[in-house]
Amino acid sequence: MSNRIDVKKTYKLYINGAFPRTESGRTYEVKNAKGVFVANPCLASRKDLRDAVVAARAAHAVWNKATAYNRGQILYRIAEMLEGRRGQFVEEIVNVTGATKVKADKEVTEAIDRLVWYAGWTDKISSLAGSTNPVAGPFYNFTIPESMGVVAAIAPEAPSLLGLIDAVAPIITSGNTVVVLASTKAPLSAMTFAEVLATSDLPAGVINILTGKKDEIAPWMASHMDIDALDISGLPSKKHAEIKVAGAENLKRIHSFKSADPGRIIAFMEAKTVWHPIGL
Amino acid sequence: MSFYGLVDGTDASLKSYLGNLSGVDQVGAEARAAMLATRSIKTTSKRWAIDTAITMVDLTTLEGADTPGKVKALCTKAVRPDPTDSSVPSVGAVCVYNDMVSVARKHLDSIGGHHVPVAAVSTAFPSGRASMPVKIQDTQDAIDAGAAEIDMVIDRGAFLAGRYIDVFNEIVQIREVCGDKAHLKVIFETGELVTYDNVRKASFLAMAAGADFIKTSTGKVAPAATPPVVLVMLEAVRDFYEMTQVRIGVKPAGGIRNTKDAIKQLVLVNETVGPDWLNPKLFRIGASALLNDLLMQRMKMDDGYYTSPQYVTMD
Amino acid sequence: METTMTFEYAPAPESRAIVTIKPKYGHFIGGKFVAGGKHFPTINPATEEVLSQIALAGKADVDAAVKAARKAYTNTWSKMSGKERGKYLYRIARIMQERAREFAVLETLDNGKPIRESRDTDIPLAAAHFFYHAGWADKLEYAGLGTSPKPLGVAGQIIPWNFPLLMLAWKVAPALAAGNTVVLKPAESTPLTALLFAEVCQQAELPAGVVNIVTGDGSTGALIVNHQGIDKIAFTGSTEVGKIIARAVAPTNKSVTLELGGKAANIVFDDAPIDETVEGIVNGIFFNQGHVCCAGSRLLLQENVAEEVLHKLKNRMEKIRVGDPMDKNTDVGAINSKEQLAKIIELAAVGDSEGAERWSPACNLPSKGFWFAPTIFTGVTQAHRIAREEIFGPVLSVLTFRTPAEAIEKANNTPFGLSAGIWSEKGSRTLWASQQLRAGVIWANTFNKFDPTSPFGGYKESGWGREGGRHGLAAYLKGVSHE
C-alpha cells in the first residue's frame with residue numbers, strides 16, 4: 001500500500017482543439033457510485049456553447065474539404081488511440097458509474113469497434129445515399145449527399161462513453177462538425193475521450209465537448225441560428241417538443257435515434273441534385 | 001505601336017486575341033506543378049541553384065515604416081549578403097517605394113554596388129487605385145530618382161469588370177514613361193484574379209502591351225506566387241516566345257520563404273521555358289526572408305552541418 | 001543572348017539500404033514460408049542484376065496452397081464476423097503504410113518503374129485499397145447485393161507484372177473483405193513485393209491460410225485456373241490468356257472475372273485546355289513506361305488543332321527523363337523484361353513498315369537493362385496494326401478526326417473497351433462523348449486516375465467485371481457474380 005499522493009486531473013472543456021475552462025467559472029460535483037467525491041467538471045454556459053459553435057463553423061470549412069479517405073483514416077486513428085488507453089477508460093467507468101469491470105470492458109470494446117465501423121463509412125455512404133437519376137431528357141442528373149455544417153448533440157446519460165461516441169461519430173463521418181453536451185452525471189469519460197481526440201490528428205474544432213446541464217444548454221442549442229441540425233437522443237422525450245419549436249426558427253433538422261446505423265449519417269446530410277445537359 | 005502585330009490597340013482586337021486563348025484546367029495545372037515539386041535537387045545542382053537563386057532575389061522593403069536607415073541596411077545586404085563570405089554573389093536588385101529610390105541608388109553607388117539596380121514599385125502600389133496622371137507621375141518620379149526597373153500594378157478592378165482595354169492602355173502608357181531608361185514589370189496580383197484562366201489572359205495582355213517582365217503579386221495579398229500560378233505564367237511566356245521570338249521575364253513575389261520554395265521555382269522555369277530563362281535578366285524572385293535561408297543552406301552545404309539564424313545578418 | 005549553364009539535376013538516388021532481399025524464396029502457404037522446389041531468377045530490368053531466386057510452384061505446391069486456403073475458409077474465416085475480418089484488413093493497410101518506403105524501393109528494383117511512381121502512386125493506392133475494403137467487411141448488406149451476401153469460398157488470383165503490389169491489393173482486399181480466402185500467384189518477373197506482403201500478413205497476425213502466395217510462371221497459373229478446389233478465378237493480364245481462361249473454366253462451376261487488354265482512345269477536341277491536355281497525353285501513354293492496360297495509346301486529335309498539339313507534345317516529350325528508376329527525378333524507367341522489350345520493338349517496326357512516321361526525343365539510354373525511348377507515330381489510321389494491337393509500351397499512335405461523331409466512331413472501332421480519355425472544356429460535349437464511348441473507365445481532362453472507390457473494368461474484350469467500389473464486391477459474393 002503506497003503512501004504516494006495522486007496527481008488528480010482537472011477536467012476542463014474541449015473547444016477548438018484546446019482545453020479551456022468554462023468562461024463562467026462554474027463547476028459542479030461529480031461523485032462516484034459510492035457517493036465519494038471524484039472531480040469538479042466545468043458547468044458550461046451558453047457562452048461556452050457560443051464559442052464552440054464558432055470553432056465548429058470554422059472547422060467545417062476544413063473538415064468538409066478533407067477527402068473521405070482522410071476522414072476515415074482519422075476516425076480509425078481515434079479508435080487506435082482509444083484502444084491504446086482502454087484500461088484507463090474501463091477504470092473511469094467503473095469508478096464513476098459503479099458498473100462492473102466486465103460491463104465497463106464491454107462498453108469500451110463496443111466504443112472502439114463503433115469508431116472503426118464509422119471509419120469505414122466515410123467513403124461508402126455516398127454509394128448508399130447518392131445516385132444517378134435517369135431523367136426523361138438529355139441530361140446527366142446526379143444526386144450527391146453532402147454534409148450540412150454544424151450539428152449540436154445531446155449525448156445520453158448512459159452509457160457515458162459509448163453514448164457520446166454514438167452521437168458524434170455519425171455526425172463527423174460525412175464532414176459535419178459537432179458540439180456535444182456530455183452525460184451530466186458521468187461526464188468524465190467524455191473529457192478523457194477529448195484527450196484521445198486531441199492526439200488523433202483530428203483538426204481543431206471538428207468535435208467540441210461541453211459538460212453541464214441539459215436544461216441550461218439545450219434551449220440555447222435549439223435557438224442558435226448558426227447551428228444547422230440537432231441530435232436530441234440524449235433528451236427525455238417530453239422535452240423534444242419545446243426544442244423543436246425553438247429550432248424551427250432556422251428550420252434546424254432535428255432527430256433522435258435509438259441505435260447505430262448508416263441512417264444516422266444520412267440524417268445529417270443534404271442531398272444535392274445536379275442537372276447537366278448532354279450534347280455537342 | 002506595333003504590339004508585336006498581335007493586336008491593333010482596339011478593344012475589339014484585344015477581346016479577340018484574349019478570347020482565342022486556350023483555357024487552363026485547374027486540376028491539371030496544379031497536378032503538373034505538384035509533380036515538378038517532387039524533383040530532388042541535390043549536391044552540385046543544389047549548390048548551383050542556391051547561388052543562382054541569390055542572384056535572382058529582388059531584395060525588398062515596402063513598409064510604411066521604411067526609413068533611409070532601413071533602406072541603406074538593405075542595400076548593404078544586397079551587395080554583400082554575407083559579410084564573412086565574399087564568394088556569395090550580390091542579389092538581382094533592390095526593390096523599394098519611389099521616395100526611397102534616391103537613398104538606395106546613392107548608397108549602393110557609395111559601397112561599390114553599381115551593378116545592383118534599384119527597382120521601384122509604382123502606379124499607386126499596391127492597390128492601383130488612383131488616377132492615371134498620378135500613376136504616371138509616380139513612375140516618372142522613380143525613374144528620375146534613379147530606378148532602372150519599374151514594378152507597376154494592373155488595375156484589377158478594371159480587369160475583373162472586363163475592361164481589358166483599360167488595363168492594356170495603362171500598361172502601354174507606363175511603358176512609354178519608362179522608355180529605354182527602365183524595364184517594366186507588370187504585377188497581376190494573382191491572388192485577386194483568382195482563376196488560372198485570368199492569369200493566362202493577364203499574361204498575354206501584359207506581354208502584348210509591352211511588359212518586359214510579368215510578375216505575380218505585390219506580396220501584400222495571399223495567395224501570391226504559388227507554383228501553379230507561376231507555371232501558368234511560364235507557359236504563357238513560352239508560348240509568347242514561339243509567337244514573337246521575344247523573351248519576357250517572370251517574377252514570382254510573395255510566399256517564397258525558403259530555399260526549397262526557391263528551388264521549386266527554378267525547376268518550374270527549367271522544365272517549362274527552359275534554361276535560357278535561368279538568369280536574373282529573365283527571372284527574379286521577390287522576397288525578403290528568403291535570402292537568409294539561401295545563405296544558411298549554402299553554409300550547410302559548404303560546412304556539412306546545420307546552421308543557425310545567428311550566423312546570418314538580420315539586414 | 002548569353003549562354004546559360006543548363007540546370008542539370010545531379011543524381012538523386014533513393015537508397016537500397018531499406019530493403020533486405022533474400023537470396024532465395026519459397027512460397028507462403030498456411031501462414032508460413034515453405035521451401036520451393038525448382039527456382040528461377042528474378043532480375044532488376046534496369047541493370048539485369050539478379051535480385052533473387054524464386055520458386056516455381058508445381059502441382060504439389062498449388063495443392064497445398066488450395067488446401068490451406070480451404071481449411072482457413074471452413075474453420076476460421078467463414079466463421080468470423082465481418083467486423084473482425086475488417087480489423088485484420090485495417091491492420092494490413094496500416095502496416096503497408098508504415099513500410100511504404102520499403103515496398104516502394106522493392107517494387108522499383110523488381111519492376112523497373114521509377115521510384116517516384118512506386119512511392120507516390122503504387123504503394124499509397126495499394127494501402128488505400130486495403131483501407132477501403134476493410135470498411136466493407138462488416139457492411140456487405142449495404143452493398144446492394146442482397147441482405148446477407150455470402151462469399152464464394154477460395155479464390156485463385158493471378159496478377160500481372162505492371163503494378164505488382166497494386167494488383168495484389170485489387171485482388172486480395174475485396175476477396176478477404178467479402179469473406180473469401182485466396183491463393184495468389186504474382187507475375188513471374190515481379191514476385192518480390194507479394195512475398196514482402198506475406199510478411200505483412202504475418203505481422204498483422206492474419207489467420208494462417210487466409211492468404212497464400214505461390215510463385216511461378218504460366219504453368220503455375222494454369223494449375224490454379226484448372227484446380228478443382230477453387231471456387232473463383234480472378235485474372236488480370238492479356239486478352240489472349242483471358243480467353244484461354246474463359247474457355248478453361250466454361251465447363252466448371254467456377255466464377256471468373258477478367259481484367260484484360262486495351263487500346264484506349266484519348267480524344268482531344270479543339271476546345272481542350274492545351275497545356276494540361278499535353279500533360280494528360282504524356283501521362284496517358286508514358287506513365288509506367290506504357291505498361292498500362294488502360295493506357296491512352298491511341299491519340300485522336302481534332303484535325304484543326306492537331307499541328308499545335310503535336311508541336312507542344314514533342315516539346316514536352318523532350319523533357320521526359322528516362323533512366324535509372326532508382327533516381328528520384330526519373331520519369332520513365334525500364335521496360336519490365338527482355339521479352340516485353342522485344343514485343344515493343346517488333347510492333348514499332350511494324351509501325352515503320354506500315355508507313356507511319358516515327359518520332360522520339362533524343363534519349364541517353366543506359367547500356368545494360370531493357371530500355372525504349374518514348375515514341376510517337378503520326379499519320380496513323382485505324383487500318384494500321386499499331387492502331388489496333390496493344391503494344392504495352394511507351395509508344396503512342398496518333399490519328400486525327402474531323403467531327404465529334406467521327407471521334408466516337410474511331411474510338412469505339414476496336415474489340416477492346418477498357419478506357420478512354422476526353423479533352424474539352426465544354427461540359428455537355430464531355431458528357432455526350434462519355435455517353436457514346438463503349439469503355440468501362442472514362443477520364444475527362446485527366447488520365448490514369450485510380451481510386452479504391454472507383455470501379456474499374458472493361459467492355460467487350462477488355463474483360464469481365466469491375467474492381468473497386470461497391471461494384472467490385474460483386475465479384476466475390478455468391479449469387480451476383482457471373483455464371
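This is a predicted model: local features need pLDDT of at least 70, side-chain atom pairs count only at pLDDT 80 or more; totals for chains, interfaces and linings use all residues.
Guide: Residues are numbered from 1 along each chain as its sequence is written, with chains lettered from A and ligands numbered from 1 in the order in which they are written.

Visitor: What makes S7(A) and S9(A) edge strands?

Guide: Strands are DSSP runs of E with at least two residues, and helices are runs of H or I with at least four, numbered from the N terminus. Two strands pair if DSSP finds at least two bridges between them. The open sheet of chain A has five strands in the order S7-S6-S5-S8-S9, with parallel pairing. Strand S7 (207-210) and strand S9 (253-255) of chain A each pair on one side only, so they are the edge strands.

Visitor: Why do S8(A) and S9(A) count as a pair?

Guide: Three bridges join strand S8 (residues 229-231) of chain A to S9(A), and at least two are needed, so they pair. In this parallel arrangement, A:Leu230 stands opposite A:Ile254 in S9(A).

Visitor: What counts as contact between chains C and B?

Guide: Two residues are in contact if their C-beta atoms, placed from the backbone, lie within 7 Å. By that rule, 22 residues of chain C are in contact with 24 residues of chain B. Helix H4 (115-134) and helix H9 (274-286) of chain C each supply at least two residues of that side of chain C, and H9(C) gives the most, with five residues.
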